[in-house]
Amino acid sequence: MHARVAAATTAALLGGAVVILPSSPAHSATGSGGPVVVSHRGASAYAPENTLAAIDRADDMDFRWVENDVQRTKDGVLVVIHDDTLTRTTNVEEVYPRRAPWKVKDFTAKEISRLDAGSWFARRYAGAHVPTLKQYMDRVSRNHQKLVMEIKNPELYPGIERQTLKLLNSAGWLDADHLKNRLIVQSFSPASVRTVHNLRPGVKTALLGTPSVADLSTYAEFTDQINSSYTSISTGYVAAIHAFDGPHGKPLEILTWTVNDTAAARRVAGYDVDGVITNRPDVVRRALSAY
């Protein structure tokens, strides 16, 4: 075992004991010396999640990185929504009362376009829509933003990885600049992440979750990041992640989620994470600046 890996593994197993390692990664996701701040589902504390309004709000607040969730409609259109049902964030039960259980995959894109995806959040967002991924990418491009894209529930949508990459390519997001600086594709499914890597090895990928340190070497073959809940990590675990090199020859990174308060932001910064995914990017930015 590589000495860097062995030291970090020992730290993780000891619950975060302090170890001396080579200098930590240069936070390449940020282009700076500190953790990047990623607006979760857009600035979702201030606008309805995964809508164009949410990424516009992040843009207004001068946050470059946004995160979203991608699923697929009955007629094969990729849309941006977190849940596999439409009930929590739209008025689907009112518009289509006899269509329970209101799964995204059971509705066409045209049917979903009729739904109000903003009123649940605040009256001023009435009429906001569930965007198609094409609409979303157009807006992110217009805003000159960067994207952490999650492929949701890939087991429900066979072939969604290839379809997503095809759309990204047509939107101009698989050129050298985007691949290097502006795009990360993630999933909770190791198989989905591996598929993305195999189809387009140049794409930066991330596995969501907190896999065991013993499994990190396997995941490092096809993923560049291990993106874990902040409640599940420690200094030692982050060091263990950084000790492995990913498929592009650089140390694995970690973006941790979903951090929404000052104390948690400062705690994970102390773990040396590479990025923080948050509903409240302004709160986290202030906390990290002060830290």
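**Reading helix packing and burial in a predicted model**

Buried residues make up 54% of the 291 residues in the protein. The model is a predicted one.

Me: Okay, helix pairs. At what angle do H6 and H8 cross, and how close do their axes come?

Reply: Start with the angle between the axes, then ask which class it falls in. Angles under 35 degrees count as roughly parallel and 65 to 115 as roughly perpendicular. Here, helix H6 (residues 160-170) and helix H8 (residues 190-199) cross at roughly 45°, with axes that come within 9 Å. H6 and H8 are therefore oblique to each other.

Me: Is that H6 and H8 crossing left-handed or right-handed?

Reply: Right-handed, for H6 and H8.

Me: And which residues of H6 and H8 meet there?

Reply: From H6 you get Glu161, Arg162 and Leu165, and from H8 Ser192, Thr195, Val196 and Leu199. Sorted by class, the H6 contact with H8 holds 3 nonpolar, 2 polar and 2 charged residues.

Me: What is Glu161 in contact with, leaving aside its neighbours within four places in sequence?

Reply: Glu161 touches Ile151, Pro154, Ser192, Thr195, Val196 and Leu199 once those neighbours are set aside. Take Leu199: Glu161 and Leu199 are 38 residues apart along the chain, yet their C-alpha atoms are separated by 8.5 Å.

Me: Now H8 itself. Which residues in H8 are buried?

Reply: Look for where the buried positions point around the helix axis. In H8 the buried ones are Ser192, Val193, Val196 and His197. They cover an arc of only 135° around the axis, so they lie on the same side of H8. The face turned away from that buried side carries Ala191 and Asn198, which are exposed.

Me: What covers the buried residues of H8?

Reply: The cover includes H6 along with strand E4 (146-151), strand E5 (183-187) and strand E6 (205-208).

Me: H6 has another partner, H5. At what angle do H5 and H6 cross?

Reply: The axes of helix H5 (residues 133-142) and H6 cross at roughly 40° and come within 10 Å. H5 and H6 are therefore oblique to each other. H5 passes H6 in a right-handed crossing. The residues that meet are Leu133, Lys134 and Met137 in H5 and Thr164, Leu167 and Leu168 in H6.

Me: Last one, a loop residue. Where does Gly246 lie?

Reply: Gly246 lies in the loop between helix H10 (235-242) and strand E8 (255-256). With a relative accessible area of 11%, Gly246 is buried.

Me: And what is Gly246 in contact with, neighbours within four places in sequence aside?

Reply: With those neighbours left out, Gly246 contacts Ala220, Thr223 and Leu252.

Key:
Residues are numbered from 1 along each chain as its sequence is written. This is a predicted model: local features need pLDDT of at least 70, side-chain atom pairs count only at pLDDT 80 or more; totals for chains, interfaces and linings use all residues. Side-chain values use heavy atoms; hydrogens and water are left out. Axes are lines fitted to C-alpha atoms, for helices over the stretch in contact, and angles run from 0 to 180 degrees between N-to-C directions. Helices (H or I, at least four residues) and strands (E, at least two) are DSSP runs, numbered from the N terminus. Angles under 35 degrees count as roughly parallel, over 145 as roughly antiparallel, 65 to 115 as roughly perpendicular and the rest as oblique. A crossing is left-handed if the near helix is turned anticlockwise from the far one by less than a right angle, and right-handed if clockwise. Contact means heavy atoms within 4.5 Å. Ala, Val, Leu, Ile, Met, Phe, Trp, Tyr, Cys and Pro count as nonpolar, Asp, Glu, Lys and Arg as charged, and the others, Gly among them, as polar. Buried means under 20% relative accessible area, exposed over 50%, partly exposed in between (1.4 Å probe, protein chains only). The arc is that of the directions from the helix axis to the C-beta atoms.
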